[in-house]
Amino acid sequence: MINYWRSSKMDISVDLSSRIRSGGALELCYCHYLCIRPRYSPPPSRREVLYRGCHAERSYNKQLSGRKLMSKMANSEVKEAASEATAGKMIFEPILEDEVFRFDCSANDRDAAYPSLSFINSNDRDVPIMSNKVPLYIPSFECLLGQQIVKLELPVGTSFYGTGEVSGQLERTGKRVFTWNTDAWGYGPGTTSLYQSHPWVLAVLPNGEALGILADTTRRCEIDLRIKCRIQFNAPASFPVITFGPFPSPSGVLISLSHAIGTVFMPPKWSLGYHQCRWSYESEERVLEVARKFREKGIPCDVIWMDIDYMDGFRCFTFDKERFPDPKSLVKDLHHIGFKAIWMLDPGIKHEKGYFVYDSGTEHDAWIQEENGMDFVGDVWPGPCVFPDFTRSKIRSWWANLVRDFISNGVDGIWNDMNEPAIFKAVTKTMPESNIHRGDNELGGHQSHAHYHNVYGMLMARSTYEGMELADKRKRPFVLTRAGFIGSQRYAAMWTGDNLSNWEHLHMSISMVLQLGLSGQPLAGPDIGGFAENATPKLFGRWMGFGAMFPFCRGHSETDTINHEPWSFGEECEDVCRLALRRRYRLIPHIYTLFYMAHTRGTPVATPAFFADPKDPNLRTLESCFLLGPLLVYASMMPDLGSDKLQLLLPKGIWLSFDFDDSHPDLPALYLQGGSIIPVGPPLQHVGESNPSDDLTLILALDEHGKAEGVLFEDDGDGYGFTKGEYLLTHYVAELKSSVITVRISETKGVWKRPNRRIHVQLLIGEGAMLDAWGIDGEVLQIEMPSETEVSKLISTRKVHNKMRLESVKLIPNVEDVSGHKGGELSRTPIELENGDWSLQIVPWIGGRIISMVHLPSGRQWLHSRVEINGYEEYGGTEYRSAGCSEEYHVIQGDVELAGEEESVLLEGDIGGGLILQRQITIPKDNPKVFRVESSILARKVGSGSGGFSRLVCLRVHPTFSLLHPTESFVAFTSIDGSKQEVWPGSGEQLYEGNLLPNGEWMLVDKCLGLGLINRFNVSDVYKCLIHWGTGTVNLELWSEDRPVSKQSPLRVFHEYEVMEIP
């Protein structure tokens, strides 16, 4: 057993001004001379001197109780940090269990660390254990200007996963994200901050072993995986880092992680059915109409959701008296036909005297405060709002009691939305980081919002969950939260936020659900069909096909879109949705068992294909399939290629295909791993229809040794009887001996008696063929294995049957556009230009706009865009969104497939009056660091009666750039008169002309990333430059002069973009 020894440490305080000034700001800086030497290690050659400039503030911070003192300190933290860097290997202690280690920069940093909000019990992180283990990989650290940078080097061939809720690719090498919960409507594959924060990376080593690393900080944290085989965290100092493993498999890492951060709450069984949602079903009558139509059409569904419009003026805990006058009666009617009802609650409470929640919260002093001690007020849906301070147990209890009373209206589940928290009319999309939370000591005490921002959503979900527990201890709570932190799975399910109805988001949805599962949150899913804009029938049907296999299964769509219920896209799509959901309901016994294992043991539910063989590098980037235990779900992501035409890459070993006699090109292919048994139930309309005496089906695939095993968990489906042994856990085994397969029960747990029911065994033998046998559950069942000749005949017959079925199914038609308020023709493929430093996507069919502008070396997506609005667009007038922004453009010429050569595209759009807006977009061969745009308004058919001149026009270049770090971004330029300009968010709209016009270039600077986007232009073309700051966006506009044009006198603006590193 290793004994850990610490030398005495000498703390020499360097008095920069060792007094507390009148405002309460502490200005102490410590130099720690520290020698830490475990007995097993050789003595150091010299003492390491660790200069920790902000440690004194951090230690003192915990003792402060005055709000003014705290806020002054919080603001000074970075400013007073050390200007001198320190670096070295981190020190470690074993914690929690074998192969889990805590690393800190120094012993003083260890002592000064804030309590853990990710661990179930912060003491598990803070108290070392006795162990003879030492870490195989030790991180290094560097501290500079108040930031702590941690690096962990791993072997060549290591693959990275996790990082929580992230868009883009499954394997994360080359990516960088920032943990800062953000309202990210319409995010793209390059968006670096979404709604949830998980400062966690799962590393799969070349030999198939796996290691996890957690940066245990609630602050904004950069997770940088851009260098192969290196994990780097960068966050305000100081914070501990926890490693888990290496373990023999990735599952072992996730199990160990669950011992630290907790397992997923045990979901009520009904919550594993299909959920139908919309923003919004506008009345009780509409809700019941939708619910009854599911039953009429025989499409399984368990839950109807009520979005924010059920409220009275968006006031939480209220109901609109005209549209939802009797919620109890509505819920009673829904329960009668097998539906549950889930209702939304946001954190923003309307700032209105006489509104009972506001009055009660004010009486309890519940609200987050500004730095000056006043209640913070920010705009959200109801208008001016205050926000509960969930960092205080007193306020969590107050909220929980509101929830308890709310449940009495018949509420079955609660949806927490907008809890990043999102704030309207704010550049940062959230409240000021200087706001004050008067948190409990066990959470970290009084801190600025910068400290608690990322855990606000988790704490709200916790309070909501606890309120549901108060309401009825016989039922399990169900909470869905948009914002979360690592550990939120203890209280709530999660969905992937406001996605888009397009094929890119369909593809990303698998990776996003898997990443959440690999970060400790198994109960997750996307808005099936896409939230924003209109789905097409093919898109919706394909998405439902494999979305029905996700752990959390919900369809949801935005206001002003067409209806997105399964029957809304024609008979063919409706048939596919019905088949997909019937599959899900047949598999609920298996899915429910997976969640029992996840809840009790920490095992994952949905995992990438490489979990079947972590050593195989070819499986590590597969994004079109996933595992539900031993069940492999393989989908097609391409509109014109069904699952029946896929060329599949399967893990090694035996994988046998099967279906429920429901094969369809728009449904995923299903494979069962050899050696496995999965339980299957009847195709119910809702979970409440199930009965313990229903026939039980076991689908069975033997391994190469002729054996198989599986497990089934059964209980009441709700409540907590299972914690007292009121359940039945059955282990089934099968074995082939002497041409006879014997299926029997090997072990049972729980006090439940086995139901009197039939058992149906389906033995897979290849190509979807199977042998059927019936018996009584609990009795030994034997199946005689047919000869090889008979097996071949069965397989041939099955192949013919499957072919006939596929030939007879009605395919979903390819419809490119769906009419509606937000039709974006999203199934059309954008033009792609990629060369040198740039990757661009251009849509010629709406405004000719550039919708994606990715700088490849940095991975930065600069544009904030939807297909039909924003991105890079141009107008033919001075008015916002005047002619040119929404017309259909045509490609006149394009050279986009010449690798290494100049790539360009020439577009034209008719803007009326005989005028053409022409745009040439080029990535030049001679300078691929830039891309150029040459735009013109041309007089193509101007009548002679006007003298050959057009109406008054102006060429207005209108790009909308995203701000990843709004408080750290600004626009810089030198004016024609030589004056230096820095324009920051909050300055409103600024117009520059004459001698104040930028002298040929201006730059959008992101200080946090150290990057600047330079826009160069011909000064002779540009008469005005306009800067407009939006919420998380900025427009940098170039305006030509305002005049008529003729064939001889067009308007032109020539400009280019380049990204440079900013020191």
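Tutor: Helices H12 and H13 are roughly parallel to each other, because an angle under 35 degrees counts as roughly parallel and theirs is about 5°. H12 covers residues 503–517 and H13 covers residues 537–547, and their axes are 10 Å apart. Please keep in mind that this is a predicted model.

Now look at the side chains where the two helices meet. H12 brings Trp503, His505, Leu506, Ser509 and Ile510, and H13 answers with Lys538, Leu539, Arg542, Trp543 and Phe546. Sorted by class, this contact holds 6 nonpolar, 2 polar and 2 charged residues.

H13 has another helix to look at, namely H14, which spans residues 571–601. The axes of H13 and H14 come within 8 Å and cross at roughly 5°, which means that H13 is roughly parallel to H14 as well. Here H13 uses Pro537, Phe540, Gly541, Met544 and Gly545, and they meet Cys573, Val576, Cys577, Ala580 and Leu581 of H14. By class, the contact of H13 with H14 has 8 nonpolar residues, 2 polar ones and no charged ones.

Six strands form an open sheet in the order E4-E7-E8-E15-E14-E10, and their pairing is antiparallel. E4 (86–89) and E10 (176–179) are the edge strands; each has a single partner, so one side of each has no neighbour in the sheet. From one strand to the next, the twist averages 15°.

Within this sheet, zoom in on E14 (residues 221–224) and E15 (residues 230–236), which run antiparallel and are joined by 3 bridges. The loop between E14 and E15 holds Cys229, a residue with a positive phi of about 65° although it is not a glycine. Its relative accessibility is 10%, so Cys229 counts as buried.

Most residues other than glycine have a negative phi, and most peptide bonds are trans. With that in mind, a few other spots deserve a visit. Glu99, in the loop between E5 (91–94) and E6 (100–104), also has a positive phi, about 70°, without being a glycine. A cis peptide bond links Trp279 to Ser280, with omega about -5°, and Ser280 sits in the loop between strand E17 (274–276) and helix H6 (284–297). Another cis bond runs from Glu420 to Pro421, with omega near 5°; Pro421 belongs to the loop between E23 (413–416) and E24 (436–438).

Finally, step back to the whole chain. Its secondary structure comes to 15 helices and 64 strands, and 63% of its 1063 residues count as buried. Among contacts between residues at least 6 apart in sequence, 69% join residues at least 24 apart. The chain exposes about 39200 Å², with carbon and sulfur atoms supplying 49% of that area.

Terms used:
Residues are numbered from 1 along each chain as its sequence is written. This is a predicted model: local features need pLDDT of at least 70, side-chain atom pairs count only at pLDDT 80 or more; totals for chains, interfaces and linings use all residues. Side-chain values use heavy atoms; hydrogens and water are left out. Two strands pair if DSSP finds at least two bridges between them. Helices (H or I, at least four residues) and strands (E, at least two) are DSSP runs, numbered from the N terminus. Axes are lines fitted to C-alpha atoms, for helices over the stretch in contact, and angles run from 0 to 180 degrees between N-to-C directions. Angles under 35 degrees count as roughly parallel, over 145 as roughly antiparallel, 65 to 115 as roughly perpendicular and the rest as oblique. Contact means heavy atoms within 4.5 Å. Ala, Val, Leu, Ile, Met, Phe, Trp, Tyr, Cys and Pro count as nonpolar, Asp, Glu, Lys and Arg as charged, and the others, Gly among them, as polar. Buried means under 20% relative accessible area, exposed over 50%, partly exposed in between (1.4 Å probe, protein chains only). Accessible areas come from the Shrake-Rupley method with a 1.4 Å probe; for residues, only the protein chains shown count as cover.
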